[in-house]
Amino acid sequence: MPAASAPSFEVPDLTSHEEAVHCEQWLLRGLVQGVGFRPFVWQLARRLGIQGQIRNTGEGVEILAQGQPARLAAFERALHEERPPLAEFELTARQSLPADPALGDFSIGSSQESGHGATIPPDIATCPECLRELFTPADRRHRYPFINCTHCGPRYTITRQLPYDRAQTSMAAFGLCPLCQHEYLDPSSRRFHAEPIACPVCGPQLRLTDRFAVPLKGDPVTGTLQFLRMGRCVAIKGLGGFHLACNARSAEAVARLRMLKHRPSRPLAVMALNLASVETFCHVSPEEAALLQSPKRPIVLLQKRAEADQYLPGIAPGMNTVGVMLPYTPIHWLMFHESLRRPAGLDWMEAPCADVWVMTSANLSGEPIVTDNDDARHRLNTVADAFLIHNRQVAARCDDSLMMMIDHEPHLLRRARGFAPAPLALRHDGATVLAVGGPDKNTVTLLRGTQALVSPHIGGLDHPLTCETHNSAIRHLERWANAEPGCIACDLDPDNHASQHAEQLAGLRQLPLLRIQRHHALVSAVLAEHDVDVPVLGLVMDGGGTGADGNEWGGELLRVHGVSMERLAHLPHIPLPGGERASREPWRVAAGWLIRNGLGDEAARRYGREPSFVELSEQVTHQLRCPDSSSSSRWFDAIASLAGLCSRQSFSSEARLRLEALARPVAPLAGGWRLDDNGQLDWSPVVHHLLTLTDAEEIASLWHASCAAAVAEWVIRHARQQQIDHVVLAGSSCSNRVLQQALHRHLLQAGLTLLESRQLPSGAGALSLGQACVARQWLAGRASGTVPAIGVTG
């Protein structure tokens, strides 16, 4: 670690008089392990003449500090003012002890395993200092693909349990050579107590094999580039699992990957060397540039330039955005260095580079990301032509995070590498609660004290392997949190794996099981983030979820305060012929609405050639397997189908994304909606008008503008009736940039205060946090003698 920065205060001069020596013991909780905190404290204590020690515990770090009162005060102040950039903590306990004349110079002590207040830091992108060493020929780690220090490298994905020490990580298999051991123990070294420390002599090794596990001769990175230039696909083992990589500039390579991965049209993420390279095919705002270059290194959704689809053929067909990330591991940097024919110096890192690679999660459709070498060969054998692997185990699976900017504010779409499992701070302490999330975009959450520990993104629980990943994520979270829940929370719908597993766990452990309505939980998650404890109006525009009345909800206006939820109004109902099948086939939703509204001939004209159209007509007419839904997602699906953009979805949200991609700024349709005396919204006038249009862009634009204006008027009416000025925006539609920008404008002009998720996704990725918070509030009410009902149907 670099030498500590110059102090922001003068070291007290105590040479002119003597003061009594005091001794104190402090406990610091938070993000203090794996971020260079102990070396920082050691250097600070030595600089200020403090005696004692620091050690990791299961609760955080424990500091024993002895010195004159002025020096101790300076020491405590500097802990906050000069802390490492990645460290976040609070001093939760302090105790005065008798001074110990035998206490020597400040040291780093052995770790203690008991307790439950520490957290594992997220993985961090390779830092500039390590990059300089990586490409300095005279450095002993020159071109070593696992270079790291206290500022960067793997953390969460190598940790099996706390405290965060090498023996508790997958690096325990690699004994330190004398030079690394010296750095590890040298306070002046940047690798002082860097747990993943390694070098070519003693650390993990990289190798390239064919699909039959036969090692290929030569430099592994050079070989990888040869495969990519030939249009082939390489499975690359990274921090939290494998990527599938191919040449993003080659239409043939991309088409081949799509065919082999059974991913016909879902957008693929790409990796480019730097901002100069990205700006060749995307527009990049200053805020987006900051996200791309941050140590977290998420994938960022960027607006395409006009020539993007020619530059990156087949990467994001029919979309106006592409997901882009920059290199974040030494392997990535070595690949770009190799592609540029190993230039000298470091200037190449900032120059434009024509090479762009697909870097998509290495899994077949519906399965979790692959993490194990043997498993990768087994599951990816028909997709990858070669495997760039290493012998460091992935202790915790973790995908790439995904973000976008809306109105200059960052929005998380998938919270994983770089963010998870950093805890979210809560205002109140309370019972330990486990929440298991829902069936889509699953996460799990453990509330522990004043922290919410939210797992990385797990995914949809519609495959046995992903279900097992969900189960193991619970075990992993409980193990490193060292906390036993007193209650388990799940979704109101019992017919999904998460709810069924929660029921099994609650039965085995004899714990209360609380079922929380999906949209209530989504609003509660936002309230937990913003530390708000007043009645709010929750606008939830989302996919379907079981409502408190047993029907499918998804476009809701809720009054929420703690465990209390009242359904004030909902979006107009739309029929779902065939039930769940309708969510995959938007034409069914559109045809169902047309038939329900007396437009059977129009439905036949548009969809009569569908093999199941006659059956669908019977379902709608006679209400057979044709439930109603208030889901905003189903409405957007229907409009996309009416615009001719998507009749069948090959991935979740495809229809809505295609519709949004065509939307342009226009005025809403005058008279396109109405509100009845009860504040119920009816937007059938605008839908009828859209049926007269033939241009898809015109349909998409008018729908987005009218939808936003109608919903805003609807919200404002109810906010005034309820005398509420705080409005929570939640649900998957919060990722619709066009819709959200218009809603923001209308609602802010009305003087309302808007609350949105910032630390978690707005949709299903936040569900487990909301479930946990509602459950904890229910437990608190039970403990006080009042057991409130959870959710009330209006």
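**Start in the core**

Select Phe135, Ile236, Trp333 and Met335: of the 75 residues in the largest nonpolar core, these touch the most other members. A nonpolar core here is a set of buried Ala, Val, Leu, Ile, Met, Phe, Trp, Tyr and Cys residues joined through side-chain atoms within 4.5 Å. Buried stands for under 20% relative accessible area, exposed for over 50%, and partly exposed for what falls in between (1.4 Å probe, protein chains only). Next, colour helix H12 (residues 464–481), which supplies the largest share of this core, six residues. Helices (H or I, at least four residues) and strands (E, at least two) are DSSP runs, numbered from the N terminus. The core lies between domain 2 (206–402) and domain 3 (423–530 + 763–778), because both give residues to it. Apart from this core there is another, of 69 residues, including Leu642, Trp673, Ala709 and Ala710.

A word on what you are viewing: this is a predicted model, in which local features need pLDDT of at least 70 and side-chain atom pairs count only at pLDDT 80 or more, while totals for chains, interfaces and linings use all residues. Residues are numbered from 1 along each chain as its sequence is written, and side-chain values use heavy atoms, with hydrogens and water left out.

**Zoom in on Trp333**

Show the surroundings of Trp333. Leaving aside neighbours within four places in sequence, its contacts (heavy atoms within 4.5 Å) include Thr126, Leu131, Phe135, Arg297, Tyr328 and Trp348.

**Move to helix H5**

Now select residues 220–229, which form helix H5. Seven of its 10 residues are buried, so H5 is largely enclosed by the rest of the structure. Those buried residues are Pro220, Val221, Gly223, Thr224, Leu225, Phe227 and Leu228. What do they pack against? Show strands E6 (206–210), E7 (234–237), E8 (242–247), E12 (357–361) and E13 (386–390), together with helix H10 (330–339).

At the N-terminal end of H5, look for the cap: a side-chain oxygen of Asp219 lies 2.9 Å from the backbone nitrogen of Val221. Just after the helix, Gly231 takes a positive phi of about 85°.

Stay with Leu228, which counts as buried because its relative accessibility is 1%. Beyond four places in sequence, Leu228 touches Val234, Ala245, Cys246, Asn247, Met335 and Trp357. Draw a distance from Leu228 to Ala248: the pair is 20 residues apart in sequence and 9.4 Å apart in space, C-alpha to C-alpha.

Select strand E2 (residues 51–57) and find Asn56 in it. Is Asn56 buried or exposed? It is buried, because its relative accessible area is 1%. The side chain of Asn56 reaches the backbone oxygen of Tyr164 at 3.3 Å. Among the residues that Asn56 touches, not counting those up to four places away in sequence, are Gln33, Arg38, Ser110, Gln112, Pro163 and Asp165.

**Step back to the whole chain**

Colour by domain: the assignment, automatic or from a database, gives domain 1 (22–108), domain 2 (206–402), domain 3 (423–530 + 763–778) and domain 4 (536–756). The C-alpha centres of domain 1 and domain 2 lie 42 Å apart.

Finally, colour by pLDDT, the predictor's confidence in each residue, from 0 to 100. The chain averages 92, and 96% of the residues score at least 70. Over residues 1–12, however, pLDDT stays under 50.

Technical notes
A polar contact is a pair of N or O atoms within 3.5 Å; within protein, one must be able to donate a hydrogen and the other to accept it, and residues adjacent in sequence count only if both atoms are side-chain atoms.
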